[in-house]
Number of protein chains: 2
Amino acid sequence: IEGGVEALEVLTPEEFEKSRGATVRVQHRVVALEPSKGRLVVESLIHRSRHDEAFDRFILATGARARRLGVDGEAAPGVFSLRGLEDAAALKTWLDTEPVRHVVVEGGGFEGLEMAEAMRDRAIRATILDTRGRVLGLDIADPMIAPMHEAMRARGVHVRAEQVTAIETEATGRVRAVRTNQGELIGCQAVIVAIGIEPRTALAESAGVHLGETGAIAVDDAMRTNVRTVWACGDVIEVPRVVDGNAVHWPLAPIGRRTARVAARNAAGARPADRFTGVTPSVAVRAFGIEAAHAGLSLDEARASGFDAEAIMVQHWSRVKMVPGSKPLHVRYVVEQGSGRLLGGELVGAEGAALRANVLVPWIRAGTTVREIAEEMDLVYNPPIAPATDPLRIAAAKAMRSVKGAGR
Amino acid sequence: IEGGVEALEVLTPEEFEKSRGATVRVQHRVVALEPSKGRLVVESLIHRSRHDEAFDRFILATGARARRLGVDGEAAPGVFSLRGLEDAAALKTWLDTEPVRHVVVEGGGFEGLEMAEAMRDRAIRATILDTRGRVLGLDIADPMIAPMHEAMRARGVHVRAEQVTAIETEATGRVRAVRTNQGELIGCQAVIVAIGIEPRTALAESAGVHLGETGAIAVDDAMRTNVRTVWACGDVIEVPRVVDGNAVHWPLAPIGRRTARVAARNAAGARPADRFTGVTPSVAVRAFGIEAAHAGLSLDEARASGFDAEAIMVQHWSRVKMVPGSKPLHVRYVVEQGSGRLLGGELVGAEGAALRANVLVPWIRAGTTVREIAEEMDLVYNPPIAPATDPLRIAAAKAMRSVKGAGR
């Protein structure tokens, strides 16, 4: 919101055509996809004209859209969701030109948190509504979230266990307040809807392409759909989670790029087929001076997947404790009982949390046990960077002692 | 040097006896070890008395000592090496009480670099002497070191390709200058000798315990020496490096703790024996505002181990480039030709370098290829934390393209 959003634009259509040798048609959309006939109908959004195109192979990359509240007043000027660059630009213009004193953010996930922080950075009051009454509820366990909430309180950002049931507007049509399921009326000059995104599957469904249980397009590990000539990739598909093989909708840019590459190579006839081995979900955020990161499964996810799992938590330090600048770092592991295998991990702290999540990923992928982490894994040590016994190892040692069958 | 060194003291002998139930004799040393007789001779350093003790099993944990220059004047007041807390305390006292304007640091490794920074933090001029004419020569490759040298120059710290050949003293006996192998005389009021440490093996050798090729004690994976009743651990032993199995002397605190635990369990009769699986060397430093980290093998080490290896280097950004605070981050990989296997990696930059080294370790241990890193590994993505394509993945993608046989 603070930088120039234009700088995020990577290539213009012309540059893409020139550098990649592909034809690019912007302001066009596919209105019908008929794989059995190898044909699609394209509409020009400018000329409103339609024409047919033949294809041998088709890649669905229709992405995802922001979820909507589905409440009265959602279309009012001053209500924003954030999916594309144009959404960010529109919000920025609103904040730059309207007398905005208070913003209500619906949804306390990563995006809602970042938006609340961006508002505070502009000295605008922000309130987060989340039915859980807390932020990052999908990724960070209850006992870990306190430092983030404390940092938010210090900046005057409140989290309320409510949700928007209606948006009220001024005579001018602009947003003036939200109503909540608690019967509250909260005055505000902007509403940001940050309740996640959903895959855009209409075209796929119309073409007979099957969706998976998550509601996103189901593909095999070559990114092929159930329709022989159709591949799919990016935010519109579901992907297997490495640790348990379950399909998840995990629409993040790095996964989009990876699945796009696999789909493109295979649709272009790669032999042997290129395979996508699945994701080990990992996310990180830095907001209000606190980092929070998560990799692998939460305790609930692990149990839902049938693991006999338990969680342990430790508090240690980001650097050697006595080094100036060292900050408390909270680590939580989700561990399979019996085997001691690491299934997931969460980190929260003022520094050193986010990048430490990266090392959890190969550990989780490989089925590494907490005993191996405590006793065999090398982690950098240097007082201004990390303690001799890293918090990641402290947590593993505690899990060895307290998770059934995880020790020796 | 700036904090209170006393705070590093973890347990007093009395606390240790009480909490661990072991007898502790400080101010005593073993002057003779006779495994065949199950006997050792102990000397009291206070009373100068000696007595025999019987033992069934013995653990050598004699550690390492700072290497000495072996030049005239090395014993003068004002010449320091840094091994124990008392060394740090003595240097601190000297700086607090003597009129120190310039300090010469011999050795441009991690320790020398940190010492030079500590001097600058006290507004004392510092000069590093290192025969390579650069710092971190064992861990960071030539083309990667520029950002660190630039940061040092900006703080007025110079690196000279020289070494001390003599230390000159005042009439009072205090150090006044060093002479170098270039015939230079460099005036200074303190000299810090930071040329590494060497294992203290005299007792082991006298007892018939074999050393390995590194000059440290050779042990098996149960930390047992060639003498049936003698184990060894910590900074006095050599350990196998996972990636090639070669023995290395890698005297860092985390390895000391791990090997001590294995030795203790096995000497106490653990069945099955506890095994130490070896190290994947990883180090990190933060000095003059620059982080430098290294994991696995350098290119020279890889080639010396018989790998057909090549190095590639990229420069990217610590966060999304346009995010305020984003800094250049340099990544260098050492990759096996043909297989594309990652053998080692180095990172240098103003932020985000040190903790990223941790994820290289499990990759290197597992024999992960640059193709797998580029296409299958999850790394956290969030603009204020890391780019959508992490520098670690950018480097892997480049290695896929430019290392023979590493691509598809």
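Student: Is Arg29(B) buried, partly exposed or exposed?

Tutor: This is a predicted model, and the values are computed from its coordinates. The cut-offs are under 20% for buried and over 50% for exposed, with partly exposed in between. Arg29(B) has a relative accessible area of 43%, so Arg29(B) is partly exposed.

Student: Which side chain meets Arg29(B) in a salt bridge?

Tutor: The salt bridge has an N to O distance of 3.2 Å. It links distant parts of the chain, with Arg29(B) in strand E1 (residues 28-34) of chain B and the partner in strand E2 (residues 39-44) of chain B, 14 residues apart. The side chain is that of Glu43(B).

Student: Which residue of chain B forms a salt bridge with Glu375(A)?

Tutor: Glu375(A) lies in helix H9 (residues 370-376) of chain A, and the pair crosses between chains to helix H6 (residues 253-267) of chain B. Glu375(A) counts as buried because its relative accessibility is 12%. The closest N and O atoms are 2.8 Å apart, and the partner is Arg265(B).

Student: What separates Asp96(A) and Lys92(A) along helix H2 of chain A?

Tutor: Their side chains meet in a salt bridge (3.6 Å, N to O). Asp96(A) is partly exposed at 47% relative accessibility, and Lys92(A) is partly exposed at 23%. The two residues are 4 apart in helix H2 of chain A, which means a separation of about one helical turn.

Student: Which side chain of opposite charge is nearest to Glu117(A)?

Tutor: Glu117(A) is found in helix H3 (residues 110-121) of chain A. Glu117(A) is buried yet has no salt bridge. The cut-off for a salt bridge is 4 Å, whereas the nearest side chain of opposite charge is 5.5 Å away, that of Arg155(A).

Student: How many aromatic pairs are found over all chains, and what is the geometry of Phe80(A) and Trp94(A)?

Tutor: The search of the whole structure finds 4 aromatic pairs. For Phe80(A) and Trp94(A) the centres are 5.9 Å apart and the planes are at 65°. Planes over 60 degrees apart count as edge-to-face, so the pair of Phe80(A) and Trp94(A) is edge-to-face.

Student: Where does pLDDT stay under 50 in chain A?

Tutor: Chain A averages a pLDDT of 94, and 98% of the residues score at least 70. Where pLDDT is low, the predicted coordinates should not be read in detail. In chain A, the stretch under 50 is residues 1-6.

Key
Residues are numbered from 1 along each chain as its sequence is written. Chains are lettered from A and ligands numbered from 1 in the order in which they are written. This is a predicted model: local features need pLDDT of at least 70, side-chain atom pairs count only at pLDDT 80 or more; totals for chains, interfaces and linings use all residues. Side-chain values use heavy atoms; hydrogens and water are left out. Rings of Phe, Tyr and Trp (its six-membered ring) pair if their centres lie within 6.5 Å; planes under 30 degrees apart count as stacked, over 60 as edge-to-face and the rest as tilted. Buried means under 20% relative accessible area, exposed over 50%, partly exposed in between (1.4 Å probe, protein chains only). Lys and Arg count as positive and Asp and Glu as negative; His and the chain ends are not counted. pLDDT is the predictor's confidence in each residue, from 0 to 100. Contact means heavy atoms within 4.5 Å.
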